[in-house]
Amino acid sequence: MANQFQSQFDKQKVRSLELRTEPIEHRRKRLKSLKTWILNNKDKIREALHADLRKSATDTDISEIFTVTTEINDALSHLHQWARPQRVSPGMTYLGTSGKIQPEPKGVCLIIAPWNFPFNLIGSPLASCLAGGNTAMLKPSENTPATSKLIKEMVEDVFEPEVVTVIEGAIPETTALLELPFDHIFFTGSTNVGKIVMGAAAKNLSSVTLELGGKSPVIIDETANADDAAKKIVWGRFTNNGQTCIAPDYIFISEKVKDKFVASAKKYVAELFDSKSEGLSHTQDYSRLVNVKHASRLVEILDEAKNSGAHIEFGGTHNANEKFIEPTLLSNIDESNRIWQEEIFGPIMPMKIYRDIDQVTDHINQNDKPLALYLFSRSRKTKKRITKATSAGSMVINDVVVQYAHPNLPFGGVNHSGIGKSHGKYGFMEFSNQKSVLSQRIGLTNALLFYPPFNGFKKWVVNFMIKWF
């Protein structure tokens, strides 16, 4: 298996060296070709996502197609600026030199994508990879076979295999790929698999970007607009059937706004996902879980919570064989339950009342750092306090999920929720080595002061610099 991929890797290695010296316009040409294919094949993309996750056409346009084309457009608009050498000041100690930071391609890259946004999470990092001047081997998820097949078709139509190629398969293929000495690996998926990827990368000292997950908390304080919070959280939690890495995972809520929030959330489930009153099991606006295995796991943790005394505020209906679970909100949660301990990754949301904000920050800080943290509040004091007292990959105040698509913010986690950043300039930098280039003059230089023999004057200069520079 590895030998088969080794041949393809070797071809990309040779080509990656050629790409290092090509004009930036060649990178732009590849990005334009990728965008053109996407725009010309939107119906195929929609059909693939409907087959795999029963996503509606508009949902696919927003969460799969737009997120990739906007990444490409951003790179096309700013690539010359991003790739330009950045001059740096020499400071007093390096007078006479000139220094610059030159972004350079890393080389051959591996992009491993998950199944929850299978087109987006291949296409977006691919855009950054190509903008950086690299070659790429893509490994889409075997759990979304229609989209995987479509990605392979796209790549074969647009790129030479020495520049971009697709490897289909499951764990054996991924394991074989991870044995190769890639210059960079970009992985999106679970924290547990992320550890495996990082361990494999360490054997070859490959740099990594790990877009992971975890439990992203929501805090709704007594000053929040409960109706506004409910609408945003319902959308962010239950779109894509809750299978979103930055979806709000659990809620800490003030007792003062709890009843209003629950009533509004129930209302917005119907308005957003069943506007024609067809029933959530029939509407086209509510997608499905990826497979029966995942659905059965969610039913298990839901049943465990209910058996431990959790109260169903709304929802709870399910049919694992149909990959269907109704949007569900739970309260009175036993914190020892899996639903409070594990990332849920489905349309179930546990909620607990809090009375002391310190209780909330302590809980967040005593657990793994989340990929996202959401706060709903009108209080400046609370906003400042939560921002400073907690750590997360990103934080959003009075909204959820929308940070992902912001063109000028880095996206990524911290520690267990991820390593490295992506999107826009940050994605370009992730696939680039920031090479330092120092030019020294010939003859007399400041550095001669550090050459032996060390006389009294040189010792005085060194002590002066230690004190003042």
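**Exercise 1: The second largest cavity**

The second largest cavity is lined by Ile233, Val234, Arg237, Phe238, Ile251, Phe261, Ala265, Phe314, Thr328, Leu329 and Met349. The model is predicted, with local features requiring pLDDT of at least 70 and side-chain atom pairs pLDDT 80 or more, while totals for chains, interfaces and linings use all residues. Residues are numbered from 1 along each chain as its sequence is written, and side-chain values use heavy atoms, without hydrogens and water.

Task: determine which element gives the most to the lining of the second largest cavity, and how the lining residues divide by class.

Step 1. On a 1 Å grid over the protein atoms alone, a cavity is a set of points where a 1.4 Å probe fits but cannot get out, and lining residues have an atom within 4 Å of a point. The space in this cavity is about 60 Å³, a volume being the space filled by probe spheres set on the points, which are joined across faces, edges and corners.

Step 2. Helices (H or I, at least four residues) and strands (E, at least two) are DSSP runs numbered from the N terminus. At least two lining residues come from each of α9 (226–238), α10 (255–273) and β13 (328–331). With four residues, α9 gives the most.

Step 3. Ala, Val, Leu, Ile, Met, Phe, Trp, Tyr, Cys and Pro count as nonpolar, Asp, Glu, Lys and Arg as charged, and the others, Gly among them, as polar.

**Exercise 2: The largest cavity**

Task: state which residues lie closest to the centre of the largest cavity.

Step 1. The whole structure holds two cavities of 30 Å³ or more, and the largest has about 100 Å³ of space.

Step 2. Among its 13 lining residues, Leu121, Phe186, Tyr404, Ser422 and His423 are the closest to the centre.

Step 3. Helix α5 supplies the largest share, four residues. By class, six lining residues are nonpolar, five polar and two charged.

**Exercise 3: The largest nonpolar core**

Task: identify the residues of the largest nonpolar core that touch the most other members.

Step 1. A nonpolar core is a set of buried (under 20% relative accessible area, 1.4 Å probe, protein chains only) Ala, Val, Leu, Ile, Met, Phe, Trp, Tyr and Cys residues joined through side-chain atoms within 4.5 Å.

Step 2. In this core of 81 residues, they are Ile38, Leu138, Ile220, Ile233, Ile251 and Phe261. Helix α4 (residues 57–83) contributes the largest share, eight residues.

Terms used. 1 Å grid on protein atoms, 1.4 Å probe; cavity = no way out; pocket = protein on both sides within 12 Å on 5 of 7 lines; lining within 4 Å. Buried < 20%, exposed > 50% of the residue type's maximum accessible area, 1.4 Å probe, protein only.
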